[in-house]
Structures are given as structure tokens and as C-alpha cells.
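Which side-chain contacts deserve a careful look when a model is read residue by residue? The report that follows takes up charged pairs and then aromatic rings.

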Amino acid sequence: MFQDWEKLQTEAKSAYFLGLCDTITPRVKQSKGYKYIIAALDSCWQWVIEKNVEADDLYFHLEKLEDTGVLTLMQFPENEENLDVWVCVADALLFTIYSAYKYQGDEYLPETVESTDNEELFAEFQNHFKVANMNSVRLEKNLMESLKDLDLKRSLREDIRKILS
């Protein structure tokens, strides 16, 4: 499936990760960090659709000094049960942040982002998504097929939600 994903436009690659994350994030709704996940995913979707969010602002959702970054929040004991969801969200953020920095033409990236390897990231995401969602194979295939032809427009997130429901 990685080969199919690699053929997608950058925005569609992000939409793949973000759309699948939208299907599993309700599992962590009771977590204290849930509102941070939603804010991070919303910002990433905004970048995918409108490109009006700075890469540094997206990165702020991943790593913050005030213990509200996704990488910090996922380490709290209360989140161990749903660690697979947190890893998927972190991977989706990481890819979108990397894409945003590249889109802006930034040469120097934060260390966490700079070391992004698409194939490893994709494999890690898939492994954790399979644990977080029993229908993962069907959802991934449906979304992958749809993203090949999907118009990247304002209703993208809603269109993907319909595909995955």
C-alpha cells in the first residue's frame, strides 16, 4: 500500500493520515489531552486545504514546553491504553508538519521533523492504526482509492468522513 500512497499528491498523503486519525480520535475523548489532539488535527486540515498555517505553528502542536504538545501528552500514564491512537496522531502531525516546512521552502527543520522517513512513518502509522481500528484494512483501501481522484477543496474533510463512515 505504501507504493500507492507514494503516488499521491503531498496534500492527499496528509489527508490519508488525517482522515484515518479522525476515525480513531473519539477513542481518546475522555483524555485530558483530547482538546489538544483536535486542535492539532484541525490546524493540519487547515494547512492541507488552505495553506494558511505556518509550519512553526503546526510544529507547536507536536512539541510544546508547557506539556501540551502531542509528543509529551502521549507519554502520560492515562494515555497508555490508547497509545496507538496517540502514535497515529503524532505520525499524521509529523508528516503534515514536514510537508508544510517543505512547502514554505525552509532549509532548516526542527530535529524531530528533519529525520522523517516516509516509508518508516507510513509503516508505523499502519501498524498502530490496525490496533486502534479493527476495520483498518477496509478503511485504508477505501480512502486510498478515493484520494487518487479526490479534489482537494474546502469540503475535503467532510468528503473523507463520508468515505470512511
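## Charged pairs and aromatic rings

In this predicted model, D22 has a relative accessibility of 13% and therefore counts as buried, because buried means under 20% relative accessible area. The side chain of D22 meets that of R161 in a salt bridge, with 3.8 Å from N to O. This pair links distant parts of the chain, since R161 belongs to helix α10 and D22 to helix α2, and the two residues are 139 apart. R161 itself, at 43% relative accessibility, counts as partly exposed.

D22 also meets R157 through a salt bridge between their side chains, here with an N to O distance of 2.9 Å. Again distant parts of the chain are linked, with D22 in helix α2 (residues 10–24) and R157 in helix α10 (residues 156–164), 135 residues apart. R157 has a relative accessibility of 11%, so this arginine counts as buried.

A further salt bridge joins the side chains of D42 and R157, at 2.5 Å from N to O. Because D42 lies in helix α3 (residues 34–50) and R157 in helix α10, this pair ties together parts that are 115 residues apart in sequence. D42 counts as partly exposed, its relative accessibility being 34%.

| Salt bridge | N to O distance |
|---|---|
| D22 and R157 | 2.9 Å |
| R161 and D22 | 3.8 Å |
| D42 and R157 | 2.5 Å |

Taken together, D22, D42, R157 and R161 are linked in a network of salt bridges, and the structure as a whole holds five salt bridges. As a general point, side chains of opposite charge can pair when their charged atoms come close.

Turning to the rings, the count comes to 13 aromatic pairs. Among them is the pair of F17 and F95, which is edge-to-face, with 5.6 Å from centre to centre and 65 degrees between the planes. F17 sits in helix α2 and F95 in helix α6 (residues 83–104), so that the pair links distant parts of the chain, 78 residues apart. Both phenylalanines are buried, F17 with a relative accessible area of 0% and F95 with one of 3%. Ring pairs also gather F2, W5, Y16, F17, F95, F122, F125 and F129 into a cluster.

Lysines meet aromatic rings as well. K13 lies over the face of W5, at 5.0 Å from the ring centre, while the charged end of K51 sits over the ring of W47, 4.5 Å from its centre.

Methods. Residues are numbered from 1 along each chain as its sequence is written. This is a predicted model: local features need pLDDT of at least 70, side-chain atom pairs count only at pLDDT 80 or more; totals for chains, interfaces and linings use all residues. Side-chain values use heavy atoms; hydrogens and water are left out. A salt bridge is a side-chain nitrogen of Lys or Arg within 4 Å of a carboxyl oxygen of Asp or Glu. Helices (H or I, at least four residues) and strands (E, at least two) are DSSP runs, numbered from the N terminus. Buried means under 20% relative accessible area, exposed over 50%, partly exposed in between (1.4 Å probe, protein chains only). Rings of Phe, Tyr and Trp (its six-membered ring) pair if their centres lie within 6.5 Å; planes under 30 degrees apart count as stacked, over 60 as edge-to-face and the rest as tilted. A charge sits over a ring if NZ of Lys or CZ of Arg is within 6 Å of the ring centre and within 35 degrees of the ring normal.
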